[in-house]
Amino acid sequence: MNFTAYTSSGGQKAFYLQRDGVTVATVNFYFNVNSTHLTMTTIYYIDSSLNTSSHTYSLVIPTGVTVDTQDYATMIITEY
């Protein structure tokens, strides 16, 4: 998953990918430019459980980080 966001305070922030409310992947990103939309490091998650039921995925945005209409997210899901 790739996405963009910005912060006015800078510093390191942790983002979490959750599946059905459980954190399955984490990425840390250091904002060294304030108030600029930046692309976060890609979050990778491989589900090897072979569970084919429906799931809800969500991205947890940390306090102090803003995502607005100028930002985007891309998630690629591959079933095999």
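Mentor: Let us begin with one side chain: in this model the side chain of Q18 makes a polar contact with the side chain of T23, at 3.3 Å. A polar contact is a pair of N or O atoms within 3.5 Å, where, within protein, one must be able to donate a hydrogen and the other to accept it, and residues adjacent in sequence count only if both atoms are side-chain atoms. This is a predicted model, in which local features need pLDDT of at least 70 and side-chain atom pairs count only at pLDDT 80 or more, while totals for chains, interfaces and linings use all residues. Residues are numbered from 1 along each chain as its sequence is written, and side-chain values use heavy atoms, with hydrogens and water left out.

Trainee: Where does Q18 lie, and is Q18 buried or exposed?

Mentor: Q18 belongs to strand β2, a strand being a DSSP run of E with at least two residues, numbered from the N terminus. With a relative accessible area of 18%, Q18 is buried, because buried means under 20%, exposed over 50%, and partly exposed in between, using a 1.4 Å probe and protein chains only. Leaving aside neighbours within four places in sequence, Q18 is in contact (heavy atoms within 4.5 Å) with T23, V24, T56, Y57, S58 and V60.

Trainee: How should I read the pairing of strands, and which strands form the sheet here?

Mentor: Strands of a sheet pair through backbone hydrogen bonds, either parallel or antiparallel. Two strands are counted as a pair if DSSP finds at least two bridges between them. Here three strands form an open sheet in the order β3-β2-β5, with antiparallel pairing, and the edge strands, β3 and β5 (57-60), each pair on one side only. Nine bridges join β2 (residues 11-19) to β3 (residues 22-31), and Y16 has T26 as its bridge partner in β3. Between β2 and β5 there are four bridges, and L17 has L59 as its partner in β5.

Trainee: How do I describe aromatic rings, and how many aromatic pairs are found here?

Mentor: A pair of aromatic rings is described by the distance of the centres and the angle of the planes. Rings of Phe, Tyr and Trp (its six-membered ring) pair if their centres lie within 6.5 Å, and planes under 30 degrees apart count as stacked, over 60 as edge-to-face and the rest as tilted. A search of the whole structure finds four such pairs. In one of them, F29 and F31 are edge-to-face, 5.0 Å centre to centre with 75° between the planes, and both residues are buried. F3, F15, F29 and F31 form one aromatic cluster.

Trainee: Which residues have the most contacts inside the largest nonpolar core?

Mentor: A nonpolar core is a set of buried Ala, Val, Leu, Ile, Met, Phe, Trp, Tyr and Cys residues joined through side-chain atoms within 4.5 Å. The largest one has 13 residues, and those with the most contacts inside it are F3, F15, F29, F31, M40 and I43. β3 gives the most to this core, with four residues.
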